[in-house]
Amino acid sequence: MVLDFLRELEARTRPVHPESRAAMQARWDALPEHVKTPNQLLGRSAVGCEGTHGVFPKCNLTCSPCYHSAEANQVRVDGQHTLREVARQMEYLRQVRGPRAHAQLIGGEVSLLKPDDHAAAIEVMRANGREPMSMTHGDFDYAYLLAVVLAPDGVPRFDRVSFAAHFDSLMRGRRGAVRPRSEAELEPFRQKFAGMFEDLRRDHGVSSYLAHNMTVTPSNLGEVAEVTRSVLAMPYNMLSFQPAAFMGDERRWKEDFDDVSIDDVWERVEEGAGQKLPWQGTQFGDPRCNRYTIGVSASGTFAAVIDPADSADLAARDRLLNHHGGMYFGGQARWVLAARILRAVLRYPLDVFVLAGLGRRMISRTGGVRALWRAWRSKSLGVRTFVVHNFMDSDVVAPAWALMEQGKVSDDPPVREAQERLGACMYTMSHPQTGQLVPACTQHSVLDPAENRELRTLLPLRVKNG
Ligand code: SF4
């Protein structure tokens, strides 16, 4: 028994969990060769993001575009169904992708769930090692947030929550901004949403991680810089932009979305940030799908953790990824985390200096220790992440996926490109009943319509009595 206990303790406090290591190796092995670059994080640091699907396929706003299929809104939101499906999907992800990943609670508007069901879904995700992020249009009140976060006796159910709120002028039906004519019109709503979480921390000690999402089309591309500027001054941790794609409900395809590229959006985000945002130091999946950078922002100056122009940063990245890739810091008892860090340090003591050097160079790029101190005093110091995620059009995803299922490679360049990108996908949804893990592009372009038709039968809007 003592031996069993010690064996269990050794596995539990190993810096990189053995199942994480195996899942990452499998992900790395499956990646297409063109993305196995030194900056690649998939399969070396994480397995990528995950999302739920078919769990509450309904929304009370209308957006153009909308990635839900035309049938999505004809389904009832049903807490029991949501919890059953979230549990099945998360258990499967836990089984095949290891003990830790970030997962989006998505597949409709999350605030249409009853607060207790929403809270229970978060708990189910956490129980399966997932760090959940609730995806919302942000049009709900503080009372709803409190009812999700606090148990009926008023005690917080969570010490930290994570929400991503979508705000853009392509959305219709928001209370107080039914048909916004500009992004600027939504500024008070963005502010109010973030403010609720500041209140939550002040009133109940519950902290939060907030993302701001915006869909970009030709009609609001020119406002991306302004949105970036204004959201950077708000307490959002992540600014995420999605160039629109021809995907989902065809009735909502109003513009030529192809006119907006991932580079166009990134340039406008940089314009709003007032500086270059170097992203080439790290990459999740295919660069045609994702741009990503994380760093420290001090009084408006952003410094990426890895500066791709600094060879010392690149050497540090490679060394730390080789030694510690797959180590995670959340979702575990403090003593377990402390033991893992201690074991990592004992194994690679010189990495402490490598990490310190990385931090020192990053601080110097923000203007030095004094600038950091002033930023902290003026409450303008924080970690920021910038993301652009570039979904693909259904007309290339559908043939690309069909050929991938047959193990074939297309001769048609756009379809072949889609195959390359799907093979390197960093945003996965699970189908426990078939054993499939699919890219979100495949889910929305290929699988959602049939899934929603089935849900219409399973969860009709009108429930027959008797
Ligand atoms: S969901 Fe689509 S766009 Fe996003 S990473 Fe996967 S393949 Fe690329």
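**Exercise 1.** Is the crossing of α5 and α6 right-handed or left-handed?

Solution. The model is predicted. In it, α5 and α6 cross in a right-handed sense. For the geometry, take helix α5 (residues 142-149) and helix α6 (residues 187-204): their axes lie 11 Å apart, and the angle is about 50 degrees. That makes α5 oblique to α6, since angles of 65 to 115 degrees count as roughly perpendicular and those under 35 degrees as roughly parallel. Next, identify the residues: on α5, Tyr-142, Leu-145 and Val-149 meet Met-196, Asp-199, Leu-200 and His-204 of α6. Sorted by class, this contact has five nonpolar, one polar and one charged residues.

**Exercise 2.** Determine how α7 packs on α8 and which residues make the contact.

Solution. Begin with the axes: those of helix α7 (residues 224-232) and helix α8 (residues 262-273) come within 7 Å and cross at roughly 45 degrees. The arrangement of α7 and α8 is therefore oblique. Their crossing is right-handed. From α7, the contact includes Val-224, Val-227 and Leu-232; from α8, it includes Val-265, Arg-268 and Ala-273. The class count for α7 with α8 is seven nonpolar, two polar and four charged residues.

**Exercise 3.** Which residues come nearest to the ligand?

Solution. Among 15 residues around the ligand, the nearest are Cys-289, Cys-425, Pro-439, Ala-440 and Cys-441. Turning to helices, α14 (413-423) and α15 (440-458) each contribute at least two residues to the shell. Finally, the classes in the ligand shell are 10 nonpolar, four polar and one charged.

Conventions
Residues are numbered from 1 along each chain as its sequence is written. This is a predicted model: local features need pLDDT of at least 70, side-chain atom pairs count only at pLDDT 80 or more; totals for chains, interfaces and linings use all residues. A residue is near a molecule or strand if its C-beta atom, placed from the backbone, lies within 6 Å of it. Helices (H or I, at least four residues) and strands (E, at least two) are DSSP runs, numbered from the N terminus. Ala, Val, Leu, Ile, Met, Phe, Trp, Tyr, Cys and Pro count as nonpolar, Asp, Glu, Lys and Arg as charged, and the others, Gly among them, as polar. Axes are lines fitted to C-alpha atoms, for helices over the stretch in contact, and angles run from 0 to 180 degrees between N-to-C directions. Angles under 35 degrees count as roughly parallel, over 145 as roughly antiparallel, 65 to 115 as roughly perpendicular and the rest as oblique. A crossing is left-handed if the near helix is turned anticlockwise from the far one by less than a right angle, and right-handed if clockwise. Two residues are in contact if their C-beta atoms, placed from the backbone, lie within 7 Å.
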